Amino acid sequence: PEDPEEHLERRTYLEDLLMFNNPMRIDWEKSNEILRHIPLNDGDKVIDIGCGFGFYSYLFSKMVGSTGKVYAVDAGESYVKYVDKFVKKYNLSNIEPVVSTTTDVSVDDEADVAFMCSLYHIVYGWARETERSEFLNTVRRSIKKDGYLIIADNSFLNGDEMNNCYLNKELAIIQLTYYGFQFSEYVQITPQRYVLVFRHRPGQSINFSESAEEKNNKVFNLNITTGNSIIHIGSL
């Protein structure tokens, strides 16, 4: 495209396609190891939030079987169109492509698992607090009681990161705790990639007071009064 903005959008689309829908992703990301920490069974429902070209949606399709349901959700309409075309071509009837917004996951159902891969650093770093709050409230609404929110994201690695988008896990944990998710597990999949597991426990009070043991073993100290992120914009 000759229009600079359209050209950039198209180039980004193709770069994402080459990186995130590449079969070799299973090797460099250790995707199967990530899947081991996603508690999905035959017949379950899962929301793949920020599905992109559907890499994980197709893997989830196998895990939940013909009686299960995969919502392949993305705010990028061109990405969802790609998934829709792929789903129809290969008759993946348990996948439903969904165009979301920045304030609504746009799934009118309660899933067993919601999954975000390489997305939460965007939710954390770029969304305004009101936008983020609305979006995460719809995510929470779309997960069953005691269901799971699984975050796969990028670690800081002294210049050897996967790309320039990464998020300290403690900041992700404490922000999502603020928004009402209960932290359950942390797993370092590769030096560049980690997984965080949260539970949806409606009605559970959020307690930011520390026990004596927590004070003695404190790794970080943040006074949480709002959902605002700590972010360095850099050269922008």
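A pocket here is an open set of grid points where a 1.4 Å probe fits, with protein on both sides within 12 Å along at least five of seven lines. I kept that in mind while going through this model, which is predicted.

**Entry 1: the whole chain**

I started with the overview. I have 236 residues, and 43% of them count as buried. The fold is made of nine helices and seven strands. The accessible surface comes to about 13100 Å², and carbon and sulfur atoms hold 49% of that.

**Entry 2: the largest pocket**

Next I looked up the largest pocket, and its volume is about 1100 Å³. Its lining takes in 43 residues, and nearest the centre I find Gly-50, Asp-74, Ser-118, Leu-119 and Ile-122. The elements giving two or more residues to this lining include helix H1 (4-20), strand E1 (45-49), strand E2 (69-74) and helix H6 (120-125). H1 gives the largest share, six residues. By class I noted 22 nonpolar, 14 polar and seven charged residues in the lining.

**Entry 3: Asp-44**

I then went to Asp-44, which sits in the loop between helix H3 (31-36) and E1. Is Asp-44 buried or exposed? Its relative accessible area is 12%, and the cut-off for buried is under 20%, so Asp-44 is buried. Setting aside neighbours within four places in sequence, I see Asp-44 in contact with Pro-39, Val-64, Gly-68, Lys-69 and Asp-112. A polar atom of the Asp-44 side chain lies 2.8 Å from the backbone nitrogen of Asn-41. I also checked Ala-111: it is 67 residues from Asp-44 in sequence, yet the two C-alpha atoms are 7.4 Å apart.

**Entry 4: helix H8**

Last stop was H8, residues 169-178. I looked at the start of the helix, where a side-chain oxygen of Asn-168 comes to within 2.9 Å of the backbone nitrogen of Glu-170. Which residues of H8 are buried? I listed Glu-170, Ala-172, Ile-173, Ile-174, Gln-175 and Leu-176. The cover over these buried residues includes H6, H7, strand E5 (143-154), strand E6 (182-190) and strand E7 (193-199). H6 also turned up in the pocket lining, as did H7. After H8 I came to Gly-180, which has a positive phi near 100°.

Note on methods: Residues numbered from 1 in each chain as written. Predicted model: local features only at pLDDT ≥ 70, side-chain atom pairs only at ≥ 80, totals over all residues. Heavy atoms only, no water. 1 Å grid on protein atoms, 1.4 Å probe; cavity = no way out; pocket = protein on both sides within 12 Å on 5 of 7 lines; lining within 4 Å. Points joined across faces, edges and corners; volume = space filled by probe spheres on them. Helix = DSSP H or I, 4+ residues; strand = E, 2+ residues; numbered from the N terminus. Nonpolar A, V, L, I, M, F, W, Y, C, P; charged D, E, K, R; others polar. Buried < 20%, exposed > 50% of the residue type's maximum accessible area, 1.4 Å probe, protein only. Contact = heavy atoms within 4.5 Å. Polar contact = N/O pair within 3.5 Å; in protein donor to acceptor, adjacent residues only side chain to side chain. Areas by Shrake-Rupley, 256 points an atom, 1.4 Å probe, with all protein chains shown as cover.
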